[in-house]
Number of protein chains: 2
Amino acid sequence: MTQPTAPANEASQEELPRQHRHYTIGELARMFEVTPRTIRFYEQEGLLAPRREGQKRIYREKDRVRLKLTLRGKRLGFSLAEIREVVMMYDAMPDGNARQLLRLLEILADKRANLERQLEDIRLMRMELDDVDHRAREVLRSLGQED
Amino acid sequence: MTQPTAPANEASQEELPRQHRHYTIGELARMFEVTPRTIRFYEQEGLLAPRREGQKRIYREKDRVRLKLTLRGKRLGFSLAEIREVVMMYDAMPDGNARQLLRLLEILADKRANLERQLEDIRLMRMELDDVDHRAREVLRSLGQED
DNA sequence: CAAGCACTTTACGTTAACGTAAAGCTCGTC
DNA sequence: GACGAGCTTTACGTTAACGTAAAGTGCTTG
């Protein structure tokens, strides 16, 4: 599967639009503050599929976006399996059959419901944090007054 | 939010002060759709501290609320350690010294920042889900039209 | 040409958050 | 008094999501 020698003098010009930039694994890692190991792991889990140049992974804009979405999903508490579910079906969409598409819609509705519940959870937790914050400040104030 | 069921038939006299009720581990488990094992685990991790009656655990209103908050935190992706951090400091508040209180405020600000980021994440992910949903429906529609 | 990076694969290790099984008490009931 | 339901402890097992170490490849720079 080793790609034969790449075209010799392709780079060296700066006029490539952002869209067509490509990244090394280290660049992406620094960009998103994760380790290369994490990125390789996501590939192994089917969330990324970078090109290879010889042995090295080459990430393009699409991959960068995928990684961004993946990390966002993670911050919201989705598992990699859940994220993959959406991402892969999204890719299979153009030529997907009706049953697959309906399944995708199902999944999307599910995720959305999840998000709505999270919004409510955030609202409630905010109130509680406010409350605790308030009490703590009051105790602090009273400490400052005596003595 | 588990709104208590509306007062049934008893006209005026029946007060059910939820305050003084106590629960078994199984009741709580069914109530929140978790296993008893989970509840015992949270106790072991210092998030709950139910009374004992003989050998059996007795949970009171305070414990129920704690469990509710813990599970909410979990849904938002907080680790048990993070949740404990807030919960324990909250308990230590009344007699807490200034340094501890300031630390608590710090933690609270941190959690709040986290929530704000999650709100933004949710907003973005909603848009993306909408987008995918829209495309999927279009493909479906086109499938229905041909043939 | 040696040294130093940045990348690679392989593979075992680790942590959080439980699951699950075994073995035993206690209480009401048939 | 045997039984099942529900509780208990102890302890080993499991899964997800990486961490970490070892050993090798390829470029470029002093």
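Q: What makes up the contact, and how many residues come from chain B and from chain A?
A: In this predicted model, chain B puts 32 residues into the contact and chain A puts in 33. A pair of residues gets counted here when their C-beta atoms lie within 7 Å.

Q: Which helices of chain B supply at least two residues each of the side that touches chain A?
A: Helix 3 (61-75) and helix 5 (98-145) of chain B do. Helix 5 of chain B gives the largest share of that side, with 24 residues. Sorted by class, the side of chain B that touches chain A has 20 nonpolar residues, nine charged ones and three polar ones.

Q: Why can one say that the copies meet through the same surface?
A: Take the interface residues of chain B: 100% of them are interface residues in chain A too, so the copies use the same surface to meet.

Q: Why does the span of helix 5 (residues 98-145) of chain A agree with what it should be?
A: Helix 5 of chain A has 48 residues, and at 1.5 Å a residue it should span 70 Å; its end C-alpha atoms are 70 Å apart, so the two agree.

Q: Which residues in helix 5 of chain A are buried?
A: Among them are A:Leu101, A:Lys111, A:Gln118, A:Met125 and A:Ala136.

Q: Why does A:Ile39 count as buried?
A: The cut-off is 20 or more other C-beta atoms within 10 Å. A:Ile39 has 23 C-beta neighbours inside 10 Å, so it counts as buried. This residue lies in helix 2 of chain A. Setting aside neighbours within four places in sequence, A:Ile39 is in contact with A:Ile25, A:Leu28, A:Ala29, A:Val34, A:Leu48 and A:Leu67.

Q: What makes up the surface near DNA strand C?
A: Chain A brings helix 1 (25-32), helix 2 (36-44) and strand 3 (56-60), while chain B brings helix 2 (36-44) and helix 4 (80-91), each with at least two residues. In all, 17 residues surround DNA strand C, and the closest are A:Thr24, A:Gly26, A:Arg57, B:Ser79 and B:Leu80. They divide into six charged, six polar and five nonpolar.

Q: Which of the 16 residues around DNA strand D come nearest?
A: Those are A:Ser79, A:Leu80, B:Thr24, B:Gly26 and B:Arg57. The largest share of the surface near DNA strand D is three residues, from helix 2 of chain A. By class, the residues there are five nonpolar, six polar and five charged.

Q: What pLDDT does chain A average, and where is confidence lowest and highest?
A: Chain A averages 85, with 86% of the residues scoring at least 70. In chain A, the lowest confidence is in helix 4 of chain A, with a mean of 90, and the highest is in helix 2 of chain A, at 98. Over residues 1-16 of chain A, the pLDDT is below 50, and this stretch has six contacts in the model beyond near neighbours in sequence.

Note on methods: Residues numbered from 1 in each chain as written. Chains lettered and ligands numbered in written order. Predicted model: local features only at pLDDT ≥ 70, side-chain atom pairs only at ≥ 80, totals over all residues. Contact = placed C-beta atoms within 7 Å. Helix = DSSP H or I, 4+ residues; strand = E, 2+ residues; numbered from the N terminus. Nonpolar A, V, L, I, M, F, W, Y, C, P; charged D, E, K, R; others polar. Near = placed C-beta within 6 Å. pLDDT = per-residue confidence, 0-100. Expected span 1.5 Å × (residues − 1). Buried ≥ 20, exposed ≤ 12 C-beta atoms within 10 Å, placed from the backbone.
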